[in-house]
Every structure is written in C-alpha cells, then in structure tokens.
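Here is a short briefing on one protein model and its ligand. Look at the sequence and the 3D view before reading on.

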Amino acid sequence: MTDAAATKSQLPALLKVEGITKVFGALKANDCVDLDIAPGEIHALLGENGAGKSTLVKMLFGSLHPDAGSILWRGQPVTIANPMQARALGIGMVFQHFSLFESLSAAENIALSLGADVPLAQIAAEAQRVSVEYGLPIHPDRLVGELSVGERQRIEIVRCLLQKPELIILDEPTSVLTPQEADRLFATLDKLRGEGKSILYISHRLEEVQRLCDRATVLRHGKVVAHCIPQQETANSLATMMVGEEIHRIERASVSAPPAGTEPVLEIDGLSQPPTGPFSVPLENIRLQVYPGEVVGIAGIAGNGQSEFYEAVSGERPQSSSSTIRIRGTEAGRLGPSGRRRLGAAFSPEERLGHGAVPSFPLSQNLLLSRHASDSSTYLGPLGTIRGGALGRTLERIVKALDVRKSGRDPVAASLSGGNLQKLILGREFDRSPALLIANQPTWGVDAGAAARIRQEIIDLARAGAGVLVISQDLDELLEIADRIAVMSDGTLSKTVPADTVTRETLGLMMGGAAPERHHDQRIGQPGEAGEI
Ligand SMILES: Nc1ncnc2c1ncn2[C@@H]1O[C@H](COP(=O)(O)OP(=O)(O)OP(=O)(O)O)[C@@H](O)[C@H]1O
C-alpha cells in the first residue's frame with residue numbers, strides 16, 4: 001500500500017456501505033457490497049458493463065433504494081430517500097447520461113437544480129466563477145441543445161460543485177473528453193482532493209484510474225471481488241480482476257489499396273452546411289471517400305463540427321443537394337436515415353439513450369425502429385403487422401454475438417447498463433452486414449473487454465468488405481482500428497493520413513488546427529501524406 005493510500009484507509013470513513021443489496025426481478029445487481037471512502041480520497045469503482053456500478057451509486061444518491069444493507073455517513077446510519085436528501089447530506093453526482101434540459105441555457109439548468117430563489121444573473125455569475133476556479137470553461141448563457149457532449153459535462157460538474165458537496169460521484173467522466181480535456185479534469189479533481197473533498201470515480205479507463213485514484217473497489221456480477229491500490233496494479237491486472245479473464249487482443253490484418261476503379265461506398269463531395277442553430281458549427285467544403293474494406297477514422301476535439309457532420313452523413317439532416325453525399329454510387333444527399341439505410345448504410349449515434357434507442361421501448365421495438373425500412377419483409381407482415389418471432393430471433397442473435405447482459409427476455413432499453421445498451425445498438429447495425437457503417441463514439445462508456453470486442457467487430461466488418469467511418473475522440477481507439485485518419489477542426493476536415501504513419505502527438509497537433517492542407521482526400525497506398533502534417 002502506498003503511504004498516502006495507507007493513511008487514507010485509516011481515516012474515519014466519510015461514507016461506509018455495508019452489505020448493500022439491490023435486486024431487479026431475478027437479477028442481483030448489487031449483492032452484499034461493502035465499500036468505504038475516506039475524506040480527501042479519490043476512490044475508483046471498477047467493473048465490467050452491467051457489474052452494478054451505476055446501481056450502487058444511484059443508491060448513494062437516493063435515486064434507487066437498497067433492498068438490504070446500510071449506508072453510514074460520517075459514522076451515522078442514514079436513509080437516502082431521494083437526490084434532494086443526498087445533496088443535503090453533501091453528496092453530489094455527475095451522471096453518465098446527462099440530466100440537462102436541451103431547450104434551456106446552462107444557467108437555467110443550474111438554477112433548476114439549485115431550487116433556490118436566486119436571480120438567474122447571480123447563478124450565471126457564480127457558475128462562471130466556479131468554472132474559472134476549477135478550470136471547467138462553460139458559457140452560462142448558451143442553450144444546452146447547441147453544446148457538445150464535453151461542454152454539457154462541464155455544466156453538470158459545475159452544477160454539482162455549486163452545491164458544495166463533500167462527496168462527488170463521477171460516473172465515467174472522461175469517456176467523452178479529449179486527452180487535453182481529461183487532463184484538465186484531473187487537475188480539477190486533484191484540486192478538490194487537496195481541499196479535502198472525496199470523489200467516487202467510475203471509469204473504464206484503467207490508466208487514468210492508476211494515475212488518479214488512491215484506492216479501488218472492483219465489482220463483478222454485483223459482488224465485490226477486490227479492494228486494491230490501483231498504483232500497485234497494472235492496467236491488465238485491473239482488467240482481469242474486472243472481467244475474470246484476459247482481455248481479447250485486437251487482430252488486424254493490414255489493408256491494401258483497393259484495385260483501381262473500385263467505387264467508394266461513401267463519397268462526400270463538397271459538403272457545406274450553414275450553422276443549424278445559434279451555436280452550431282458550420283461545415284465547410286468537406287470531401288472524403290470511404291472504400292470497401294477500410295476503416296476511416298475522424299478525430300477531433302468535441303464541438304468542432306462532428307455532431308453536425310454525423311447528422312449530415314446519417315441523413316438526420318438531409319442536404320439541399322443530392323450529389324454531395326453518394327452511398328454506393330447513388331446520390332443520397334437529400335435522403336433521410338431510412339432512405340440511406342435502404343442503400344446499405346448503417347448508423348450508430350453518439351448518444352445511445354434518446355437518440356440510439358427509445359428508453360421506454362423494449363429492445364425488440366427498438367430493433368424494429370431501426371430496421372423496419374431496410375428489412376421490412378423480414379419484420380413486417382403483408383398488412384404491416386409486426387413479426388414478433390423474427391424480431392425475437394434477431395434480438396437473441398445480437399445479444400449472443402455481443403454478449404449483451406440484460407435482465408429479462410425483452411426489457412426496456414433504459415434498464416440496460418450504459419455499456420450493454422451501446423453493445424446492443426452496435427450489434428443491431430453489425431447484424432445487418434451493412435455495406436457502410438457510420439459510428440459516432442462507438443465505445444463511449446464501454447468496458448475494456450466489450451470495447452475490444454466492438455473494435456474487433458468493426459475491423460472484421462471492414463475486412464469482410466464494408467466501408468466503416470468511425471468518429472471518435474479516443475485517439476488510441478482510432479490508432480488501433482483505423483486505416484486512415486482525418487481530423488475535424490472548426491467545421492473543416494483535414495486530408496486523411498494513413499494511421500500507421502501518425503502518432504498521438506501529430507494527431508493532437510492536427511486537432512489543434514495545425515494541418516496545413518484541407519479538403520483533400522487520399523486513398524490508402526498513395527504516397528507523401530505523413531510528411532505533410
Ligand atoms: N431499473 C432496472 N431494471 C431492471 N434491471 C436493471 C435496472 N437498472 C439496472 N439493471 C440491471 O442491473 C445490472 C447492473 O446495471 P448497472 O447499470 O448498475 O451496471 P454498470 O456496472 O453501471 O454498467 P455500465 O458500465 O455498462 O454502466 C444490469 O444487468 C442492468 O441491466
């Protein structure tokens with residue numbers, strides 16, 4: 001045990017959890033969990049998707065209630081009936097799925113949760129002060145609906161800090177952040193720890209857990225399997241504790257240039273789009289080609305036009321000109337998502353709940369929503385009746401292929417853990433064997449084992465002949481799976497470079513806008529790209 005961790009483990013606990021159990025139907029999501037957190041400690045809560053982490057922290061925040069066990073706060077047993085009581089005790093939480101109203105400004109959202117009679121201008125000023133003090137830049141007057149996921153998260157953290165909590169629960173805070181934003185967050189958390197605040201930190205990124213956290217509790221299938229000091233472990237040993245077996249190593253055969261004359265599966269030619277809202281990023285003359293057999297990655301700092309680009313290529317925001325987007329040679333610019341799906345495209349959006357899936361619909365109905373147009377003869381009868389048997393069989397196939405953990409046969413989407421829902425949404429698209437897959441942040445919030453599985457599926461899909469476009473803020477992910485990488489910056493797209501000729505550092509520079517040439521696209525095997533970065 002390191003000296004600091006040893007000292008912290010001996011301090012009287014700020015929070016102690018004893019034998020907490022939570023049952024959903026036949027599933028024990030938490031099974032007699034013990035955990036203690038000292039003042040001034042960053043404590044990691046680790047476990048694979050569906051291990052029970054969110055269930056545990058929701059009980060600490062009063063949004064779920066334990067079936068057995070006790071919670072002690074500063075040594076006293078407490079019942080946390082609701083989030084208001086949790087906040088009153090001094091427990092704040094930043095959720096994995098943000099709880100902000102999109103049509104309200106950042107300051108209005110903060111005002112709602114503070115619930116006090118404080119003028120909005122004062123709340124905005126206070127939020128600004130906290131955001132500067134803790135290095136979390138936000139714009140209090142901006143509408144949340146216009147902001148990137150990273151910016152929304154900063155608002156959530158600022159809102160939480162304004163409530164002056166003693167314990168802050170962070171559920172996968174860095175999964176949507178760039179390396180630079182994550183570094184800034186770590187500095188913020190360090191500062192909070194220095195002020196004596198405690199942090200319960202859920203993350204699938206084991207390197208950052210080792211770098212940041214004093215102690216860790218590891219859950220598997222709802223049970224505590226280990227308490228450990230992350231710095232005394234390796235990322236591999238932590239992952240093995242979580243999943244109980246070694247993590248799959250990605251296998252990736254190199255891809256050769258497609259034969260001359262091969263038609264791209266996706267061709268974007270001069271895609272420009274004016275701002276779609278007061279704070280949205282305009283897209284400027286984007287050109288890109290994706291060929292069968294390859295994975296093309298789009299890197300970039302959040303808020304540089306990736307969301308607008310995804311909307312344009314997926315058909316969520318059809319274009320005024322048909323010819324700016326071609327899918328398998330057919331002009332598709334004016335088509336919506338279903339029209340593009342009929343051409344063989346598949347899509348996986350960044351936000352899984354609300355966008356990738358309807359939270360209150362069972363999984364089978366969510367499956368139907370994305371496949372009714374492209375596979376109508378499989379899932380719909382002659383009079384538009386739903387073929388439940390076919391839907392059920394497909395669902396089972398997807399669940400098996402991606403090892404989706406769920407409670408019950410066909411539960412509502414909202415009941416799946418974040419990572420399991422992500423596996424389901426991607427599995428739904430893989431299952432169609434699409435000619436083109438466009439995935440936005442495919443492994444956001446997914447555990448190390450499942451992320452490896454998803455990345456392998458993406459590579460296998462490409463090697464089986466599909467073209468894949470992956471938008472990701474995770475540079476390591478792009479370097480692992482992409483054959484070519486382009487960087488989105490300020491609504492423009494750099495030329496692509498072969499992934500094996502770039503490093504994180506050069507990509508980081510490109511993300512900062514250092515790429516001298518834009519609007520070009522280059523296929524694998526064409527020379528002279530890397531030197532031009
Ligand atoms: N409201 C609910 N109803 C039914 N089952 C639920 C509910 N909430 C969670 N579960 C189930 O409990 C298990 C634990 O889920 P939980 O969200 O706590 O996992 P997690 O460790 O946070 O996973 P992830 O890393 O994917 O977020 C999962 O199998 C999930 O499907």
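Predicted model: local features only at pLDDT ≥ 70, side-chain atom pairs only at ≥ 80, totals over all residues.

Residue numbers start from 1 along each chain as its sequence is written.

**Whole chain**
- The protein chain has 18 helices and 21 strands. Both are DSSP runs numbered from the N terminus: helices (H or I) have at least four residues, strands (E) at least two.
- Of the 533 residues, 49% are buried (20 or more other C-beta atoms within 10 Å of their own, with C-beta atoms placed from the backbone).

**Ligand shell**
- The ligand has 21 residues around it, and Asn49, Ser54, Thr55, Ser417 and Gly419 come nearest. A residue is near if its C-beta atom, placed from the backbone, lies within 6 Å.
- Strand E2 (27-37), helix H2 (53-60) and helix H15 (418-430) each give at least two residues to this shell.
- Domain 1 (15-243) and domain 2 (266-512) each give at least three. Their bounds come from an automatic or database domain assignment.

- Four strands form an open sheet in the order E2-E1-E4-E5, with antiparallel pairing. Strands pair if DSSP finds at least two bridges between them.
- E2 and strand E5 (76-78) are the edge strands, and each pairs on one side only.
- Strand E1 (residues 15-24) runs antiparallel to E2, and seven bridges join them.
- Lys16 has Asp36 in E2 as its bridge partner.

Methods
Buried ≥ 20, exposed ≤ 12 C-beta atoms within 10 Å, placed from the backbone.
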